[in-house]
Amino acid sequence: NNLTSFVIPNGVTKIEVNTFQNCSNLRSIVIPDGVTKIGMGAFYECTNLTSIEIPDGVTKIENQTFYDCQNLSSIVIPDGVLSIGDNAFYMCLGLTSLTIPNSVTSIGASAFNSCWYLTTVVLSNNLSTIPDGTFNACTALTTIYYSGTASGAPWGATNATVRANNTL
């Protein structure tokens, strides 16, 4: 739990389930391009993790991958990601804006629940369904850019307006 930074060695292709769970002092991590799978809850409650760049080869952000990463303020989701799991970014308080690339076709329940300071989201236009409650308790969320066909807008974001898609 004293781990503050970590560089995953080249040659690693998978981050196992709950690998860094409860590493509350972890602030930074470098993930090599060869990683193609990040397991469920891999960064669960890494409350001081500030940024992460997901490698291009990752196709799914599993359930609870970044659950309660309260200081996560920067995340790059690459174009190759196809799905985002349940509670994947639950209580990521540091996020203020987010772009979900058009490669994403599926978002799980409560994926961004309680991201209190999230103000702007650009959603993939290829999402045909977005679960009700995806943005529950995102009280600062005022604008969601989306031009797809999913019903139920604004998906729990009570203060948000949905506008035709744009980029940040």
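**Aromatic pairs, cores, cysteines and a parallel sheet**

A search of the whole structure finds 10 aromatic pairs, counting rings of Phe, Tyr and Trp (its six-membered ring) whose centres lie within 6.5 Å, with planes under 30 degrees apart called stacked, over 60 edge-to-face and the rest tilted. This is a predicted model, in which local features need pLDDT of at least 70 and side-chain atom pairs count only at pLDDT 80 or more, while totals for chains, interfaces and linings use all residues. Residues are numbered from 1 along each chain as its sequence is written, and side-chain values use heavy atoms, with hydrogens and water left out.

**Aromatic rings**

- Tyrosine 44 and tyrosine 67 form a stacked pair, because their ring centres are 4.6 Å apart and their planes lie at 5°.
- This pair links distant parts of the chain, 23 residues apart: tyrosine 44 is in the loop between strand 4 (37-38) and strand 5 (51-53), and tyrosine 67 is in the loop between strand 6 (60-61) and strand 7 (74-76). Strands here are DSSP runs of E, at least two residues long, numbered from the N terminus.

**Nonpolar cores**

- The largest nonpolar core has 49 residues, and Phe43, Phe66, Ile84, Phe89, Leu123 and Phe135 touch the most other members. A core is a set of buried Ala, Val, Leu, Ile, Met, Phe, Trp, Tyr and Cys residues joined through side-chain atoms within 4.5 Å.
- A second, separate core of 5 residues includes Tyr44, Tyr90, Met91 and Leu93.

**Cysteines**

- The count of disulfides is 0, where a disulfide is a pair of cysteine sulfur atoms within 2.5 Å.
- For cysteine 23, the nearest cysteine sulfur is that of cysteine 46, 5.2 Å away; cysteine 23 counts as buried at 13% relative accessibility.
- The sulfur of cysteine 69 also has cysteine 46 as its closest partner, at 5.2 Å, which is too far for a bond. Cysteine 69 is buried, with a relative accessible area of 0%.

- Four strands make an open sheet in the order 9-11-12-13, with parallel pairing; two strands pair if DSSP finds at least two bridges between them.
- Strand 9 (97-99) and strand 13 (161-163) are the edges, each pairing on one side only.
- Strand 11 (residues 120-122) and strand 12 (residues 143-145) pair in the parallel sense over 3 bridges, and valine 121 stands opposite isoleucine 144 in strand 12.

Note on methods. Buried < 20%, exposed > 50% of the residue type's maximum accessible area, 1.4 Å probe, protein only.
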